[in-house]
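This report describes a strand arrangement and a set of charged side-chain contacts. Please read it alongside the sequence and the coordinates.

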There are 2 protein chains.
Amino acid sequence: MSTTSPAPRPAVEEVAARAAAVAPVLAATAPAQLAAGLRAAAAALRADADRLVATAAEETGLAPAPRLRGELERTAVQLEMFSQVALDGSHLDARIDEADPGFRPVPRPDLRRMLVPLGPVLVFAASNFPFAFSVAGGDTAAALAAGCPVVVKAHPGHPRLSAAVTEVVRAALEGAGLPRDALQLAGLPGAEGPDDDGVAAGVALLRDERIAAASFTGSQRAGRHLADVAASRRRPIPFYGELGSTNPVVVTPGALAATTAEAFATAYATSATGSAGQLCTQPGFVLVPAGALDADGGELLAALERAFSAVPEHRLLHPGIAAGYAARREAVLASAGVDVVVAGGVRDSDDGGSGQVWTTPTLVRTTLDALLAAGPELREEAFGPLSVLVEHPGVDAVAAAVPHLYEGELTAGLHVTPEEAQTAPVAALVAALSRVAGRVLFNGWPTGVSVTPAMQHGGPYPATTDAGRTTSVGTAAVTRFLRPVTFQDAPQAVLPPALRDDDPWGVPRTVSRAGESAGWGAVQG
Amino acid sequence: MSTTSPAPRPAVEEVAARAAAVAPVLAATAPAQLAAGLRAAAAALRADADRLVATAAEETGLAPAPRLRGELERTAVQLEMFSQVALDGSHLDARIDEADPGFRPVPRPDLRRMLVPLGPVLVFAASNFPFAFSVAGGDTAAALAAGCPVVVKAHPGHPRLSAAVTEVVRAALEGAGLPRDALQLAGLPGAEGPDDDGVAAGVALLRDERIAAASFTGSQRAGRHLADVAASRRRPIPFYGELGSTNPVVVTPGALAATTAEAFATAYATSATGSAGQLCTQPGFVLVPAGALDADGGELLAALERAFSAVPEHRLLHPGIAAGYAARREAVLASAGVDVVVAGGVRDSDDGGSGQVWTTPTLVRTTLDALLAAGPELREEAFGPLSVLVEHPGVDAVAAAVPHLYEGELTAGLHVTPEEAQTAPVAALVAALSRVAGRVLFNGWPTGVSVTPAMQHGGPYPATTDAGRTTSVGTAAVTRFLRPVTFQDAPQAVLPPALRDDDPWGVPRTVSRAGESAGWGAVQG
């Protein structure tokens with residue numbers, strides 16, 4: 001980092017000033033109005049789906065249908081879900097302790113606590129979900145539901161789509177009675193000159209005193225750098241970075257016996273190569289029983305070869321991802337103890353100048369011992385359609401290896417029979433997996449992420465920068481952008497509506513009644 | 001910071017290894033057993049109260065009664081409160097989404113989410129609450145209730161008490177069937193040689209890969225340094241630092257008219273000078289209406305002079321606090337626009353060599369304009385028995401000044417009448433105060449901190465290093481040491497008890513039933 005002062009950035013300054021100006025307005029907005037804005041944004045995205053999907057497909061190389069149409073619908077449903085969160089009010093965690101003169105060791109005042117918005121949120125858009133993790137994605141919806149204005153740092157992989165979605169959503173918010181500046185876009189490539197990639201604007205915003213929290217989905221290198229910027233500010237701010245994951249899936253002998261080679265191979269290949277493997281939860285390592293690949297005359301191996309070879313060539317999202325994937329693929333192929341099952345490949349487009357890069361899937365095999373002996377060249381995420389088959393000698397050995405192989409993963413999977421699930425070695429393996437992952441899934445593949453109250457999409461570092469304490473998918477994400485405030489002995493007139501005796505917003509509250517507080521103590525402090 | 005490798009520290013290595021060894025044991029311990037351990041610890045502290053209070057009084061200079069006896073009782077009650085938290089199970093935030101084949105846009109699997117322990121927690125003990133914010137204090141109780149082992153970095157201000165409490169609690173935990181190493185003490189001064197102050201051991205533990213989270217209560221300088229260490233680790237960890245606060249209290253003309261000068265002055269002096277002002281919530285600034293000090297022939301001023309002058313001399317906790325307070329007091333007295341009301345003082349003990357420092361309270365006065373024009377020399381916390389009276393021209397002016405004067409405070413107070421509370425200027429002031437403080441209190445003084453579900457003890461930076469998202473007092477503190485894990489389509493046999501269909505622990509769960517999920521969506525991701 002340079003030690004000289006950064007150049008002034010009028011665009012950044014204006015965006016931050018606007019976000020700060022609307023923050024108290026949004027914080028004082030009733031949940032019903034926030035909810036109306038979120039629903040209007042969902043409807044507006046659906047109404048403009050044809051144009052938006054076409055733009056997204058052009059810019060990203062992802063399939064218009066079902067992939068991008070489905071993603072737009074998910075994004076709209078997500079906005080509607082957060083409108084329900086805002087209306088429901090549980091996310092405010094409202095608590096009322098009635099005044100209690102008989103409280104021990106000393107009397108208790110009237111205490112009322114709720115969560116309030118942190119303030120302007122900076123969302124770094126991701127490239128791989130141009131709708132669901134970009135301008136109007138999960139963190140934007142969660143922040144708006146929390147009552148925080150959002151500034152999106154555009155991803156350079158889909159600038160036209162970013163601008164289009166921003167305008168659609170801003171108009172919808174305004175139509176629902178919210179300030180347009182509840183959502184702003186910054187850091188579009190070229191905004192500050194022909195060589196501007198937008199990165200400097202994003203970093204300048206992250207350093208801006210008016211930004212109160214930030215979220216990011218992307219690479220470990222960029223994410224850690226931004227996390228360090230957030231932590232080294234004069235006033236550090238919460239930074240929710242999702243930095244990738246290898247999503248190991250462990251398969252037991254019983255589980256393999258209970259399926260067919262064809263069904264297993266098809267489901268695995270679908271999860272590992274969909275969207276050219278450019279998904280946070282792509283299964284990068286699949287641990288199968290030793291000997292399984294050679295059993296029955298190599299039936300499973302043959303089925304895997306067929307399934308991975310049958311996947312059509314797919315464009316990669318942008319040149320940065322293409323370069324990163326090509327380098328990681330080479331490193332994996334050159335690793336000790338790694339044998340090729342399906343070579344696949346990476347090639348530049350022959351259309352003369354588009355800069356597009358196309359891939360076919362790569363599948364390799366190794367052993368648990370070789371993986372344990374390997375370094376990052378084999379173990380780190382390869383963001384693209386590459387997966388590593390790992391032969392393991394048994395569940396015990398995998399459980400013992402997990403703490404050495406994994407520190408923080410978004411997901412860990414286990415294919416297991418009901419009978420095996422009753423055994424101590426499987427229990428030990430599940431415990432080990434749950435210590436390093438945010439989601440442990442059974443007899444399935446990690447790339448389906450439900451957007452629901454019980455979803456956790458986050459894990460210990462390096463899967464995320466916040467030790468996996470929050471999620472970026474599902475209703476629980478709203479807590480990222482809130483902090484508690486307690487009002488003590490406050491007159492009704494100055495209380496926020498959610499804490500008033502008459503509860504005009506109908507917010508659920510946890511009430512500690514006077515006289516019912518045996519064992520809850522207080523003292524001068 | 002040095003770039004050379006730190007010296008190996010066998011004691012630190014052993015403590016960290018033990019904490020890591022018991023972490024999975026505690027994580028698998030039933031809540032009833034954790035609760036029994038916490039209750040046993042409370043009972044053991046009470047049983048040994050005479051000895052412990054005598055040691056604490058000798059080491060800290062705080063009064064044995066009511067102060068230290070009350071604090072020990074608070075600490076015991078706090079341990080009991082967290083035993084109830086563990087038993088109740090709400091803190092696990094258990095959520096079950098039933099599988100739903102009709103879910104849109106795609107079917108939903110069975111998802112079960114709960115909070116699990118982060119792992120070994122490092123607690124930096126504070127000097128000013130040798131029981132309640134030290135070895136067996138709030139963060140220790142919260143971490144144990146969460147199922148995390150605790151390593152306490154001893155505060156050098158009360159080393160003998162720290163060792164004594166550690167032994168009492170370890171024995172009690174063992175008696176209740178928990179591992180002794182659920183609580184360990186590290187960093188006692190002299191442990192690594194005659195010149196060792198324990199600081200290096202604390203920093204080494206904070207850098208240790210096995211420590212999963214840390215908490216701290218103390219100075220802004222030390223706290224920010226430790227927060228930076230935590231953020232710059234290879235794997236950053238959550239760091240909950242409480243760094244101090246000036247706790248402004250605003251008084252309206254009506255509120256002043258509704259009380260007597262004597263009552264106001266006595267209550268203010270009690271809050272500002274109790275425990276020699278060495279409390280996180282000591283009211284450092286009290287904003288009174290302009291002219292109030294000179295009205296009625298200076299009645300209020302005279303009452304304040306009497307109240308602050310009547311406070312007996314009190315020892316300061318330790319030489320570091322004494323030196324810091326003396327320097328801050330000199331800076332305040334030398335600030336432009338500051339006049340002395342009660343000079344007070346700081347003097348070294350004349351007992352020849354104890355190193356003790358004694359103080360009498362200092363009260364000064366200034367104006368809101370002078371405070372706005374001042375720098376940190378006047379505005380920063382003076383940790384000791386010093387308070388600043390600030391004459392303000394009205395509630396409007398105070399509301400406008402708040403964003404310029406305050407960034408992050410543990411508390412902000414307002415003395416106001418019920419009639420004034422109905423007015424727009426007071427509403428604007430309350431909104432401004434709630435944007436910068438974790439607790440806004442009315443017609444009282446900030447130094448009573450109730451230990452209850454609705455308490456918030458934390459505020460935006462620099463009051464705390466985590467943007468005020470968590471509390472160090474009250475039941476909500478347990479969330480500091482937990483992270484969510486979701487189990488997807490898991491066989492009953494491998495689920496944690498809190499997520500099983502039969503709910504053997506009786507944990508409250510939020511269930512989303514199949515078919516009741518209109519508007520909650522899911523898609524491949």
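## Conventions

Buried means under 20% relative accessible area, exposed means over 50%, and partly exposed lies in between, with a 1.4 Å probe and protein chains only.

The model is predicted: local features need pLDDT of at least 70 and side-chain atom pairs count only at pLDDT 80 or more, whereas totals for chains, interfaces and linings use all residues. Residues are numbered from 1 along each chain as its sequence is written, chains are lettered from A and ligands numbered from 1 in the order in which they are written, and side-chain values use heavy atoms, with hydrogens and water left out.

## Salt bridges in chain A

Over all chains, the structure holds 60 salt bridges, each defined as a side-chain nitrogen of Lys or Arg within 4 Å of a carboxyl oxygen of Asp or Glu. One of them joins A:Arg18 to A:Glu14, with an N to O distance of 2.9 Å. Both residues belong to helix H1 (residues 10-27) of chain A, where A:Arg18 and A:Glu14 are 4 residues apart, about one turn of the helix. Helices (H or I, at least four residues) and strands (E, at least two) are DSSP runs, numbered from the N terminus. A:Arg18 is partly exposed at 35% relative accessible area, and A:Glu14 is likewise partly exposed at 44%.

A:Asp110 and A:Arg112 form a salt bridge whose closest N and O atoms are 2.8 Å apart; both of these residues are buried.

## A salt bridge in chain B

B:Arg329 and B:Glu330 meet through their side chains at 3.6 Å, N to O. B:Arg329 is buried, at 9% relative accessible area, whereas B:Glu330 is partly exposed at 48%.

## The sheet of chain B

In chain B, 5 strands form an open sheet with parallel pairing, in the order E5-E4-E3-E6-E7; two strands pair if DSSP finds at least two bridges between them. Strands E5 (183-186) and E7 (239-242) of chain B stand at the edges with a single partner strand each, so one side of each has no neighbour in the sheet. From one strand to the next, the twist averages 15 degrees, with axes fitted to C-alpha atoms (for helices over the stretch in contact) and angles running from 0 to 180 degrees between N-to-C directions.

Strand E6 (residues 213-217) of chain B pairs with E7(B) in the parallel sense over 4 bridges, and B:Ser215 stands opposite B:Tyr240 in E7(B). Helix H7 (residues 199-207) of chain B packs on the sheet, touching E3, E4, E5, E6 and E7 of chain B, where contact means heavy atoms within 4.5 Å. The direction of H7 makes about 150 degrees with that of E3(B).
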